[in-house]
Amino acid sequence: MSVFNSSVIYPRFLLTGFSGLESRYGLISLPIFFVYATSVAGNITILFIIRTESSLHQPMYYFLSMLALTDLGLSTTTLPTMFSVFWFHAREVSFNACLVQMYFIHVFSIIESAVLLAMAFDRFVAIREPLRYAAILTNGVVIGIGLAIAARALALVFPASFLLKRLQYHPVNILSYPFCLHQDLIKTTVSSRRVSSIYGLMVVICSMGLDSVLLLLSYVLILGTVLSIASKTERMKALNTCISHICAVLTFYTPMIGLSMIRRYGQNASPIIHVLMANVYLLVPPLMNPIVYSVKTKQIRDRILKKFKQ
């Protein structure tokens, strides 16, 4: 009996990869490793270019640095358990380790959502008040926004971890993905999950839900400002400064919405589809953001090419 109680107090969790494809995990891990390596290299390159080029020490690029740091954090938090599953078939993870991973995955996701909103505000100020841009978005204001973004994410997710810690679980619990997510952990409980579920929903509404509404409002205001510009050339130039950011927003929110839809309406879909969508949600934004900003932002692209030529 004491062994059973100890197992319940310290439950074990088994991560899940692509069920039925275990013999091909070596091949499956290759594109995942490529995505991870490219993400890390791309985001480090962005940070290096911004750090070393004094002409890029502007609010827009400071926010881009925050985005790159967040993407590095998200990739680094997610990949260890994925590689343990795909490379070593090591599925077991302790409860505390699972909670830590879950905490940081959701923290970095919320931070990314907020950074994208801050970047939309940056574009709005640059287009609406170009002459006062530097006076409005001073270094102090940018630092304050960054600290507020981090503090909100850390504060919102911490109670979710604490609530999960208080719940009871089976001695062995099987998760749906090769990493730990709140909505997945909460399904394994044997006690009432009502409070944790409600709080999890409130976190989503107060973070990504609110951010998405404010993002949409920002672009309505940006579009209104652009349409008020008399010159067609200037209108196109103003809109062009937003292309990279729009791509980053779509890259972040499209997989997230797709994963939510699959979880909600895809009960009959193959488990492989669920795992694939979760991987896309966590791996694609850190991969695509540095690529998009390197290709679409002339200042970044020119500096990268200059470094390579040297």
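**The lining of the second largest pocket has 9 nonpolar, 7 polar and 7 charged residues by class.** The model is predicted: local features need pLDDT of at least 70 and side-chain atom pairs pLDDT 80 or more, while totals for chains, interfaces and linings use all residues. Residues are numbered from 1 along each chain as its sequence is written, and side-chain values use heavy atoms, without hydrogens and water. The volume of this second largest pocket is about 600 Å³ (the space filled by probe spheres set on grid points joined across faces, edges and corners). A pocket is an open set of points on a 1 Å grid over the protein atoms alone, with protein on both sides within 12 Å along at least five of seven lines; a cavity is a set where a 1.4 Å probe fits but cannot get out; lining residues have an atom within 4 Å of a point. Of the 23 lining residues, Met 60, Arg 123, Lys 237, Thr 241 and Gln 299 lie nearest the centre of the second largest pocket. At least two lining residues each come from helix H3 (59-88), H4, helix H9 (232-240) and helix H12 (298-309) (helices are DSSP runs of H or I, at least four residues, and strands runs of E, at least two, numbered from the N terminus).

**The largest pocket has a volume of about 810 Å³.** His 182, Gln 183, Gly 200, Val 204 and Arg 263 are the closest to its centre among the 26 lining residues. Two or more residues of this lining come from each of helix H4 (95-128), helix H6 (139-166), helix H7 (182-185), helix H8 (194-227) and helix H10 (243-265). H8 gives the largest share, 8 residues. By class, the lining of the largest pocket holds 13 nonpolar, 9 polar and 4 charged residues (Ala, Val, Leu, Ile, Met, Phe, Trp, Tyr, Cys and Pro count as nonpolar, Asp, Glu, Lys and Arg as charged, the others, Gly among them, as polar).

**The largest cavity has a volume of about 60 Å³.** Its lining consists of Met 60, Phe 63, Met 119, Asp 122, Arg 123, Thr 241, Ser 244, His 245 and Tyr 293. H3, H4 and H10 are the elements that give two or more residues to this lining, and the largest share, 3 residues, belongs to H4. The classes in the lining of the largest cavity are 4 nonpolar, 3 polar and 2 charged. Met 60, Arg 123 and Thr 241 also stand among the residues nearest the centre of the second largest pocket.

**The second largest cavity has a volume of about 30 Å³.** Asn 43, Ile 46, Leu 64, Leu 67, Ala 68, Asp 71, Asn 289, Pro 290 and Tyr 293 line this second largest cavity. Helix H2 (25-52), H3 and helix H11 (271-296) each supply at least two of the lining residues; H3 supplies the largest share, 4 residues. Here the classes are 6 nonpolar, 2 polar and 1 charged. The count of cavities of 30 Å³ or more is 2.

**An open sheet of 3 strands has the order E2-E1-E3 and mixed pairing.** Strands pair if DSSP finds at least two bridges between them. Strand E2 (92-94) and strand E3 (172-174) each have a single partner strand and stand at the edges, so one side of each has no neighbour in the sheet. Strand E1 (residues 12-14) pairs with E3 in the parallel sense over 3 bridges. Opposite Phe 13 stands Asn 173 in E3.
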